[in-house]
Amino acid sequence: AVMSEVFQQNGNVEKRERRLTRGGGAERRAHERVGGREPRVSPVFTRERARCNASHVCRLTFRQRCGGRGVYERLMVSVSGVRGRVGDGLTPEIISRFAAGFGSWARARGQSRTVVVGRDSRVSGPMFHRATIAALQSVGCDVLDVGLAPTPTIQLAVEEAHAAGGLAITASHNPIEWNALKFIGPSGLFLDAEEGRAMRAVVDGDVSYVAWSELGIGTQYTE
């Protein structure tokens, strides 16, 4: 939305400049009479300014783009995962961001590029499952999809596959309107405090997305 506004504003400047140029002296004098004092800005400069503004927006952190700390207000975030009510804090965007951050962090550790993904049977599970897989592939992680599975099974799959980690989409004992993303380390255990802090720094900072030639692949788990 911010980038669209930038381009719209700069597009309006270009249109006004073209109109004044075509209108000749009469329109220009009328413009000056009503107090128009904008300096002439060439379309080339305007486009360059729009690109600079857009790139600044892209450099903002996830928290800055989403309104600072308030982005996590309705969520329960810990080293082991992020949970919340679906549509009231927990959205596909949040799930995608945490999944991409986790994948980027796990891949950078160099042990493997495979991340195991599984979910429980909640109504929101398939939606978050798709968002999680897409996010992981976008940062270059290969996904081993175990489908419907309890959390211990996902943990064992991480260990068996010698994966970089795992993501379990489940809110355990919480009511049906809740869901969560749980972070599993390469040992098959939940992240410890140090690992959690390092992973969150990636989520809140700069996630490393990859080019089309480096996108991860998806594989369905079979025994």
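In this predicted model, L181 touches S80, G81, V82, I95, F98, A99, T132, L167, A168 and I169, not counting residues up to four places away in sequence. Within the largest core, which holds 32 residues, L181 is one of the members that touch the most others, together with F98, F102, L167 and F183.

**Largest nonpolar core**
- The elements that each contribute two or more residues to this core are helix 4 (92-108), helix 5 (125-138) and helix 7 (193-204), along with strand 4 (114-119), strand 6 (165-169) and strand 7 (178-184).
- Helix 4 gives the most to this core, with 8 residues.

**Helix 4**
- Helix 4 is mostly covered, since 12 of its 17 residues are buried, and these are I94, I95, R97, F98, A99, A100, G101, F102, G103, S104, W105 and A106.
- At 1.5 Å a residue, the 17 residues of helix 4 should span 24 Å, and because its end C-alpha atoms are 24 Å apart, the model agrees with that expectation.
- Just after helix 4, G110 takes a positive phi of about 80°.

**R119 in strand 4**
- R119, which is found in strand 4, is buried yet has no salt bridge, and the nearest side chain of opposite charge, that of D120, is 5.8 Å away.
- Leaving aside its neighbours within four places in sequence, R119 is in contact with G125, P126, H129, G147, L148, A149, I154 and I169.

How values were computed: Residues numbered from 1 in each chain as written. Predicted model: local features only at pLDDT ≥ 70, side-chain atom pairs only at ≥ 80, totals over all residues. Heavy atoms only, no water. Core = buried A, V, L, I, M, F, W, Y, C linked by side-chain atoms within 4.5 Å. Buried < 20%, exposed > 50% of the residue type's maximum accessible area, 1.4 Å probe, protein only. Helix = DSSP H or I, 4+ residues; strand = E, 2+ residues; numbered from the N terminus. Contact = heavy atoms within 4.5 Å. Expected span 1.5 Å × (residues − 1). Lys, Arg positive; Asp, Glu negative; His and termini not counted. Salt bridge = Lys/Arg side-chain N within 4 Å of Asp/Glu carboxyl O.
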